[in-house]
Amino acid sequence: MGTVGVPVHAGPDDGERGDEPDGGDGGEGQVSLATRTRAKPKKPSQFKVLMLNDDYTPMEFVVMVLKRFFRMDMEQATQVMLHVHQRGVGVCGIYPYEIAETKVNQVMDFARQNQHPLQCTLEKA
């Protein structure tokens, strides 16, 4: 049991008149409450575009793909190509899902058009 004039329940409307059935003051309290609880927009998840090594795709073709689809210069593309060649897999870039998926599809289509078995995939960063 509460003291006269003091609300018995606790909540965001303590101290307000509460004359209306919803305990509000014509909706103004709801607006400020909604503003306080709004979450910050979340950055989209990032995905790594990975290139896989194979024994058939020429190194020059891999370098060309890295330059064309990942905007690498000759030195960067050569380093990534050698990393893929030596380690079996290498990161071409990190992008939001839709962009990563598009790049994977572009590389795979281009490799098939040129009759190379080059494989490209993505994974969550």
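Trainee: What should I know about the numbering and the model?
Mentor: Residues are numbered from 1 along each chain as its sequence is written, and side-chain values use heavy atoms, without hydrogens or water. The model is predicted: local features need pLDDT of at least 70, side-chain atom pairs count only at pLDDT 80 or more, and totals for chains, interfaces and linings use all residues.

Trainee: How many helices and strands does the chain have?
Mentor: Four helices and three strands. Helices are DSSP runs of H or I with at least four residues, strands are runs of E with at least two, and both are numbered from the N terminus. Along the sequence the pattern reads α-β-α-α-β-α-β.

Trainee: What describes the packing of H2 and H4?
Mentor: Two packed helices are described by the angle between their axes and the distance between the axes. Helix H2 (residues 59-70) and helix H4 (residues 97-113) pack at about 140°, with axes 11 Å apart. Axes are lines fitted to C-alpha atoms over the stretch in contact, and the angle runs from 0 to 180 degrees between N-to-C directions.

Trainee: Which residues meet there?
Mentor: Contact means heavy atoms within 4.5 Å. On the H2 side, Phe 61, Met 64, Val 65, Arg 68, Phe 69 and Phe 70 take part. They meet Lys 103, Gln 106, Val 107, Phe 110 and Ala 111 in H4. These residues divide into eight nonpolar, one polar and two charged. Ala, Val, Leu, Ile, Met, Phe, Trp, Tyr, Cys and Pro count as nonpolar, Asp, Glu, Lys and Arg as charged, and the others, Gly among them, as polar.

Trainee: How many aromatic pairs are there, and by what rule?
Mentor: Four. Rings of Phe, Tyr and Trp (its six-membered ring) pair if their centres lie within 6.5 Å; planes under 30 degrees apart are stacked, over 60 edge-to-face, the rest tilted.

Trainee: Why is the pair of Phe 47 and Tyr 97 called edge-to-face?
Mentor: The centres are 5.1 Å apart and the planes stand at 70°, so the pair of Phe 47 and Tyr 97 is edge-to-face. Phe 47 lies in strand E1 (residues 46-52) and Tyr 97 in helix H4, so the pair ties together parts 50 residues apart in sequence.

Trainee: Is Phe 47 buried or exposed?
Mentor: Buried, because its relative accessibility is 14%. Buried means under 20% relative accessible area, exposed over 50%, and partly exposed in between (1.4 Å probe, protein chains only). Tyr 97, at 34%, therefore counts as partly exposed.

Trainee: What makes the pair of Phe 70 and Tyr 95 tilted?
Mentor: The planes are at 35° and the centres 6.4 Å apart, so the pair of Phe 70 and Tyr 95 is tilted. Phe 70 is in helix H2 and Tyr 95 in strand E2 (residues 89-96), so the pair links parts 25 residues apart in sequence. Phe 70 and Tyr 95 are both buried.

Trainee: Which charge lies over the face of Phe 70?
Mentor: Lys 103, at 5.6 Å from the ring centre. The rule asks for NZ of Lys or CZ of Arg within 6 Å of the ring centre and within 35 degrees of the ring normal.
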